[in-house]
Number of protein chains: 2
Amino acid sequence: MADRQVTRPGVEKQLEQVIELLHRHELVENLVHRQESPRHELVETLVHRQHLGALQQLLDRVHSADIAYVLEALPLDQRLVVWDLVKAERDGEILLEVSDAVRETLIAHMDEGELVAATEQLDTDEIADLAPDLPREVILDVFKGLSTEEREQLRAAMSYPEEAVGALMDFAMIEVREDVTLEVVLRYLRRLDQLPDHTDQLFVVDRDEYLRGLLPVNRLLVSDPETLVGDVMIRDYSSFQPGQDARDAASAFERYDLVSAPVVDGEGCLVGRMTVNAVVDYIREAKDTETLAAGGLSEDEDLFASVWKSVRNRWAWLAINLVTAFIASRVIGVFEHSIAQLVALAALMPIIAGIGGNSGNQTTTMIVRALALGQINQDGARKLFLKEISVSALNGLIWGSVVGLFAFLIYHSWQLGLVMTGAMVLNLLLAAVMGVAIPLLMQKFGRDPAIGSSVMITAITDSGGFFIFLGLATLFLV
Amino acid sequence: MADRQVTRPGVEKQLEQVIELLHRHELVENLVHRQESPRHELVETLVHRQHLGALQQLLDRVHSADIAYVLEALPLDQRLVVWDLVKAERDGEILLEVSDAVRETLIAHMDEGELVAATEQLDTDEIADLAPDLPREVILDVFKGLSTEEREQLRAAMSYPEEAVGALMDFAMIEVREDVTLEVVLRYLRRLDQLPDHTDQLFVVDRDEYLRGLLPVNRLLVSDPETLVGDVMIRDYSSFQPGQDARDAASAFERYDLVSAPVVDGEGCLVGRMTVNAVVDYIREAKDTETLAAGGLSEDEDLFASVWKSVRNRWAWLAINLVTAFIASRVIGVFEHSIAQLVALAALMPIIAGIGGNSGNQTTTMIVRALALGQINQDGARKLFLKEISVSALNGLIWGSVVGLFAFLIYHSWQLGLVMTGAMVLNLLLAAVMGVAIPLLMQKFGRDPAIGSSVMITAITDSGGFFIFLGLATLFLV
């Protein structure tokens, strides 16, 4: 077994090792700062260097993606120590891997020359990804060093919004003609040093770059070498347009189990390709953005962002919620007279509002998900409305009875219990109607229903719940 | 351009076509039911058949994954009409593609013979995926038809929990020996009809199935055919163990841009492979489960599930929230005397509780995300606590002043305003401490912090917010 290299250690382990070495390094630094005797300093500096050396050796063995991971997990000061130790020729790929927030901190720490050097190592589609975060001068410098074709590619890749196929595509396609034999293709490939990553198929184009078919590498391997490309190529395939929503492409990759797919322009000419790794990254990022957005957070906040930056990141969401809370507060204010007469109302009203919010959010979660999967059509919407209203009516009766009983047991008033039950049923019905209507309306007006639906539902079920409960109480009890 | 087949139409378009044909079919059915004259019936039945025929033709052209999509989007009755029209030999792969809830409805509609036939077309790893949903007799029947090796594979695949690598792996590996030339490998491949999907590399094993390296297909294509496999194979690669958490594998695929990877047992022998399409499906499903779980929904509820099933799916969550709402209600109940004297408290208290919940959930979202990425270590946790507390203190002062001013403007009492401000600061600090502590503690005790953290935070900031505000008011105002 001696001749066999072990497989990669887990990235968590690598992070632990880095942190341990950083700690030793910091320990030594603290000593140096405290003890100012020159002899001591010399000794400590040597030990200090030794630790950094060990760290550097460790980092050299670590995959770039794992270094990105380590950088994400470190507070700013330690992050920059590690960043300085990373070999300059890997700067570019690591910058690509880290999150936007961490990338910003790393770029702020580099000078123009370093940035140009880091960027120049990258493919044009990767430069396009990095470009929005780079200083203007760096981009101009890099641009000058590109060939005409590369400049064209860079311009194309940068011209699409982040959520378009064009922003995710790369240009590492191998193209072949349909009137040659597989033997010729095999000989052509053998002349290359290596094939681009994720080359599971070759692109069959004519003289005008018009895409005529796809030649899967696996077909190339099992077919008779005398066969013509045109006879074994695939003509029925999924292709995308650069302006198309990346979500469509991601669904297609998931559904048809693709590894790569052609991107063609309006005339059917090949302009690039999508690969599954870009799709995986896209899915992950979309998920992340969604999770954060659900809490009103933008993705610009890294874990160790400054307090001030975090406050700014979170304030918009809190402000919106404050406005809805003020409105709910004024709804209650209208009924202050009733509450003064029957103070139990104050203790009971949050129950009606809270459960309404929960129920509404359940409905919205179902609808948003179905919308994301494209599963709701005119016909379905009507059925969904009916279903959700029935579910809420039933839930309202069940839970309304429970809260009614609760109110009766505490306050010994069956009238109060009945008002609770009635308010619960009505608020859950309101929650159901809004839970279906709000995401559908947002979708209709071209907004993302996954973002914001929840605040609106909660705002309505809060104010609505208070109004319904206090209103019923004022009518029947006071 | 006449010789070129168009690329696949979008799946949404296919869904529309199916629905249109179903509508025509239903229209005719309604006519048949209404008009009982025999001549009419005959005519209508013919038209009716014609529409179903058109639908069947359409379905035959549609990719299995797209049929699964269409089935998901249709209410039960229409779903079963379409399902009956699908060619029997595609039943198996379609059952694999649909969600658990829809699969259940389809299986309930099939007899034992159909189920056995559908299952027998699948690979062993796919049978393992389907098995939990199949009747016992069907599995036994299918099992009898398998070879010894396949039975072994099926047993292995079924022995792992859903979130383990073993449950996601397949067995479609091509194995080669390291002491043969690439020429021999190429000739061997050419004897096969086709290679398994996602064959981006061959697995180099010895006589005992011990994995010695990987031979990427791309290297096979560009290298000199006279070279030995052992000289070009990769020895430094990621491999997984069948018992490992699928999340680890998914991260590795994402980080290292893998298309396939070997799964080895404790001795280093090859037992299966993971492919990127299994990983993409896993990521999607994990995301889906998480989104639903955040609203207290299990994934068993399909869009058109029965009302009763939906009520059951949602009741646990509502019950938990009801308990926390009751507790909050009793906290208010304790201060009823204060509220009776100063009824403004009732109108203002939901503001303190609500904003506390929002702020706490923002903190938790950040922490849960960092935990999922494995980015929090001992050192980081302390820093995060400090950061979140500082953010909350600052937010408390800012928003506390706003609500204090609001209270002053409405009720003309600066004392009330000050109590609002103080309560806001304290509740946001409580939210920060709990927002960090709860997910960390859940993680420590082996529970998923993404599920349940939010309910706990909200429960604490609700009850805590009422207690802090009403308590301060009782001390200083009443």
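This is a predicted model: local features need pLDDT of at least 70, side-chain atom pairs count only at pLDDT 80 or more; totals for chains, interfaces and linings use all residues.

Before the first click, one term: two strands pair if DSSP finds at least two bridges between them. Residues are numbered from 1 along each chain as its sequence is written, while chains are lettered from A and ligands numbered from 1 in the order in which they are written.

**Stop 1: the two chains**

Color chain A and chain B separately.

Now look where the chains touch. How many residues does the contact take from each chain? Chain B gives 101 residues and chain A gives 100 residues. Two residues are in contact here if their C-beta atoms, placed from the backbone, lie within 7 Å. Select helix α19 (residues 344-372) of chain B next: with 15 residues, this helix gives the most to the side of chain B that touches chain A. That side of chain B divides into 48 nonpolar, 29 polar and 24 charged residues. In this count Ala, Val, Leu, Ile, Met, Phe, Trp, Tyr, Cys and Pro are nonpolar, Asp, Glu, Lys and Arg are charged, and the others, Gly among them, are polar. Of the interface residues of chain B, 99% are also interface residues in chain A, so the copies meet through the same surface.

**Stop 2: a helix in chain B**

Select residues 64-73 of chain B, which make up helix α3. Eight of the ten residues are buried, so α3(B) is largely enclosed by the rest of the structure. Buried means that 20 or more other C-beta atoms lie within 10 Å of a residue's own, exposed means 12 or fewer, and partly exposed is in between, with C-beta atoms placed from the backbone. To see some of the buried ones, click on B:Tyr69, B:Leu71 and B:Glu72, which are among them.

**Stop 3: the sheet in chain B**

Stay in chain B and find the open sheet of three strands, in the order β1-β2-β3 with mixed pairing. Its edge strands are β1 (175-176) and β3 (211-216), each pairing on one side only. Strand β2 (residues 201-205) of chain B runs antiparallel to β3(B), and the two pair over five bridges. Pick B:Gln201 and you will see B:Pro216 of β3(B) standing opposite.

**Stop 4: the sheet in chain A**

Hop to chain A, where an open sheet of three strands also has the order β1-β2-β3 and mixed pairing. β1(A) and strand β2 (residues 201-205) of chain A pair in the parallel sense over two bridges. A:Glu175 stands opposite A:Phe203 in β2(A).

Is β2(A) buried or exposed? Five of its five residues are buried. A:Gln201, A:Phe203 and A:Val205 cover one side, with A:Leu202 and A:Val204 on the other. Trace the chain from β1(A) through helix α12 (residues 182-190) to β2(A): this β-α-β crossover is right-handed. That is, with the strands pointing away from the viewer, the path from the first strand over the helix to the second runs clockwise.

Then move on to β3(A), which runs antiparallel to β2(A) and is joined to it by five bridges. A:Phe203 has A:Leu214 as its bridge partner there. The two strands form a hairpin with five residues between them, and A:Glu209 in the turn has a positive phi of about 70°.

**Stop 5: the end of α20**

Select A:Ile410, in helix α20 (residues 378-411) of chain A. A:Ile410 is partly exposed, with 17 other C-beta atoms within 10 Å.

Finish at A:His412, in the loop between α20 and α21 (414-444) of chain A. Its phi is near 50°, a positive value in a residue other than glycine. A:His412 counts as exposed, with 9 C-beta neighbours inside 10 Å.

Technical notes
Helices (H or I, at least four residues) and strands (E, at least two) are DSSP runs, numbered from the N terminus.
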